[in-house]
Amino acid sequence: MSRFNRSGVAGAAILAVAALVAVIAPLVISADELDVTRVTAAPWQSPGAEFWLGTDHTGRSVALLVAQGAGTSLFVGLTAAVLAVGIGTLVGIVSGHFGGLVAGALLRVTDFFLVLPALVLAIALSTVLPRGLGTIVLAIGLTSWPSTARMVRAQTLTIEARPFVERARALGGGHVHVIGRHVLPSVVPLVLVNATLAVATAIVAESTLAFLGLGDPTRISWGAMLHQAQLHGAVPQRAWWFLLPPGVAIVVVVLAFTLVGRALEAVVTPKR
Amino acid sequence: MLELRNLSVHYGHKRVVDDVNLTLAPGQTLGLAGESGSGKSTVAMSVLRLLPRTARVEGEILLDGEDVATMSWGRLRAVRWAGASIVFQGAMHSLNPVQRVGDQIAEPMRLHGTRGSVRELLHRVELPPEKARAYPHELSGGQKQRVMIAMALACGPRLVIADEPTTALDVVVQAQVLAVLKRLVAEQDLGLMMISHDLSVLAETCDELAVMHRGELVERGRTREVIANPRHPHTAALTAAFPVIGDPAHRWAEPGRTAEPLLEVRDLTVDYGRTRAVDAVDLTVGRGEIVALVGQSGSGKTTLARTIMGLRKPSSGRVIFDGAEVPRSGKALKAFRRQVQLVLQDPASALNPRHTVRAAVAEGLRVHDVPGDEQSQVTAAVEHAELRPASLYLDSLPHELSGGQQQRVVIAGALVLQPRLLVADEPVASLDASVRGEIVALLLRLRRELGLASLIITHDLGLAWQIADRVAVMHQGKIVEQGSVEQVLLNPSHDYTRALLRAVPQV
């Protein structure tokens with residue numbers, strides 16, 4: 001318990017730092033330093049006093065790129081997770097509460113999305129839709145809600161089977177009352193935990209899409225950096241400083257979200 | 001054979017068992033009575049050192065002269081089940097749902113290398129040998145409990161501890177299970193320690209009785225003597241709490257008056273798929289009348305209640321409330337539900353654990369948008385349910401209250417809408433003996449003061465005797481007999497009613 005709390009606090013601290021960097025970076029870093037046409041430094045410089053993490057194939061500072069990329073990765077991660085968890089919660093509660101034909105139809109749709117390889121679907125979506133941040137959010141959000149829906153449905157079913165829901169019905173409570181007063185409050189903690197874990201998955205998904213070259217070309221993200229590094233031969237150049245920082249950043253932020261998620265889980269799970 | 005010397009058990013600073021001394025010889029049966037939290041189960045578990053690590057045990061527990069506390073791990077394993085075994089409480093949860101019961105009975109024999117056959121064990125508990133291949137969900141409650149007993153006997157122990165072996169069973173099945181236990185004790189010279197909150201069950205089975213109260217052993221002696229002449233006030237309270245059918249002192253309902261009908265059920269039939277749960281039932285509850293609907297589990301009485309409440313649709317037939325047919329949907333159904341309120345069996349699960357007493361009681365008011373001051377209405381309802389002063393309870397969460405208090409909150413939540421009929425499904429079955437009487441008295445007082453009619457669904461004929469004006473006996477979906485309490489319970493005309501009455505354990 002205390003171990004989880006300590007790691008949860010550590011995760012939250014990392015996230016706070018990452019969020020701070022994401023907010024401050026665009027304000028502090030001038031556009032010139034990230035513009036390929038205006039940078040003056042030599043490409044492929046190894047880490048040193050001037051450039052802490054070296055420079056990339058065009059001479060931009062890798063440290064500044066990582067800082068700038070934090071915003072995109074966190075933004076996509078959070079919005080896609082909110083979208084996925086939102087759809088999942090809605091579908092889960094509706095199918096769990098109403099049952100019958102509605103549930104049958106919704107569950108088949110859920111199963112459809114569940115069996116499709118999410119990455120392939122996301123790739124397909126982001127090739128068809130116009131390129132941009134919105135598309136990536138949509139592609140990730142639309143492919144990662146089914147597991148939330150299944151879980152929320154299961155929780156809804158267990159709550160609905162409890163006698164206090166029957167009592168609420170006997171009192172005359174309708175669907176809105178039962179969902180709003182009984183089902184939703186017991187589902188929310190679970191959803192919150194799930195959301196933090198979904199953010200981690202979404203960040204990885206965003207990086208994957210960007211790495212495959214399907215990201216927003218106008219924006220810098222950690223995944224896009226890896227894509228650039230791979231494209232311009234960071235490996236043959238032995239430019240580890242171009243590959244490692246964005247990779248480590250992804251791992252650390254995802255780990256932080258997971259730690260927070262698990263700590264929250266321990267907090268909201270009723271102790272018996 | 002078993003001797004407890006100055007046994008005390010602490011959890012942290014809390015003393016749950018306080019200086020208990022007990023002895024049990026082979027062939028002897030000892031009943032351990034007490035309410036929830038009296039420490040009776042803790043005593044039982046300590047015999048096989050099954051308490052959690054956090055428990056601190058003092059004193060000696062001698063099994064055949066050997067102290068359980070100082071046994072080596074290997075010795076303890078050998079003694080568990082082969083020396084003494086336990087029939088756990090709640091057979092439905094103690095059996096593994098994905099294993100055949102035969103394998104589960106054989107498990108201790110395999111572990112201990114005991115020879116014996118599952119067939120033989122099933123025969124001893126009066127189950128056919130084919131049942132060994134059944135999974136727990138394919139058995140009824142009574143059959144599962146017998147499987148638990150067979151399992152306890154598997155390694156030929158000399159001491160059997162039965163922890164509430166019949167609690168969730170109805171009277172008829174309970175009588176069968178008790179008969180099996182009694183016969184086994186007599187045949188095999190077993191020592192039996194039986195734990196129950198129900199004195200009548202212990203009186204039926206045990207020669208000796210020990211009563212526990214707040215961790216202490218307050219009384220011990222021959223069962224007959226203890227029940228006839230209780231020396232400790234707590235024992236007296238326990239014996240008084242179980243009504244004796246036919247005893248006018250236990251008949252708390254005032255003599256009934258004939259009233260015009262409030263609720264009429266006409267030729268009501270409910271089907272679950274192909275199963276007919278309720279079969280052409282006619283039932284009437286008059287204004288201010290208390291009617292008990294009795295029957296075994298599975299007789300369809302709960303389905304009937306749900307249908308009356310409009311929570312299930314009937315296949316055919318009519319429910320008439322106050323002269324008008326009960327609507328099946330929409331606003332009219334909602335309005336009907338204000339008049340009829342439900343009180344469920346287990347108050348702990350009937351209350352949302354996240355809602356305070358105030359929110360739980362006010363729920364009905366909010367659902368129906370009742371005008372007026374919510375605070376004063378809630379306070380009035382809570383005080384009507386005898387939780388005084390209301391301010392002390394309003395902000396508590398259900399888990400902070402005792403079982404009896406929780407049931408009062410459920411009743412207050414019903415009262416706040418000023419209903420005319422209360423449908424109560426086993427309202428006292430999960431409550432302790434001392435609380436049970438208080439809730440029964442509360443229901444009667446509400447009838448007296450508010451003219452509240454009740455339909456009480458129960459398998460407990462004693463409760464019917466205590467509280468009801470009329471009794472309807474339900475068997476396999478049909479009402480086989482109904483009439484005044486005296487007529488049905490003292491001069492039953494139907495065989496099934498007689499069978500039910502015979503099965504009631506006598507104190």
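Predicted model: local features only at pLDDT ≥ 70, side-chain atom pairs only at ≥ 80, totals over all residues.
How many of the 5 residues of strand S17 of chain B are buried?

**View 1. Strand S17 of chain B, residues 421–425, is largely enclosed by the rest of the structure.** The count is 5 of the 5 residues buried, so the strand is largely enclosed. Both faces of S17(B) are covered. One side carries B:Leu421, B:Val423 and B:Asp425. The other carries B:Leu422 and B:Ala424.

**View 2. S17(B) pairs with strand S16 of chain B.** S16(B) spans residues 340–343. The two strands run parallel, joined by 4 bridges. B:Leu342 has B:Val423 of S17(B) as its bridge partner. B:Val423 is also one of the buried residues of S17(B).

**View 3. S17(B) also pairs with strand S18 of chain B.** S18(B) covers residues 453–458. The pairing is parallel and has 5 bridges. B:Leu422 is partnered by B:Ser454 of S18(B). B:Leu422 is buried.

**View 4. S17(B), helix H17 and S18(B) build a β-α-β unit in chain B.** Helix H17(B) spans residues 433–450. The unit is right-handed.

**View 5. A nonpolar patch lies on the surface of chain A.** Its members are A:Ile14, A:Trp240, A:Leu244, A:Val248 and A:Val252. Together they have about 440 Å² of accessible area. Helix H11 of chain A, residues 240–268, gives the largest share of the patch, 4 residues.

**View 6. A:Val248 sits in helix H11 of chain A.** The residue belongs to the nonpolar patch. Is A:Val248 buried or partly exposed? Its relative accessibility is 45%, so A:Val248 counts as partly exposed.

Technical notes: Residues numbered from 1 in each chain as written. Chains lettered and ligands numbered in written order. Heavy atoms only, no water. Buried < 20%, exposed > 50% of the residue type's maximum accessible area, 1.4 Å probe, protein only. Pairing = 2+ DSSP bridges. Right-handed = clockwise from strand over helix to strand, strands pointing away. Patch = residues over 30% accessible without salt bridge, like charges linked within 9 Å, V, L, I, M, F, W, Y side chains within 5 Å. Areas by Shrake-Rupley, 256 points an atom, 1.4 Å probe, with all protein chains shown as cover. Salt bridge = Lys/Arg side-chain N within 4 Å of Asp/Glu carboxyl O.
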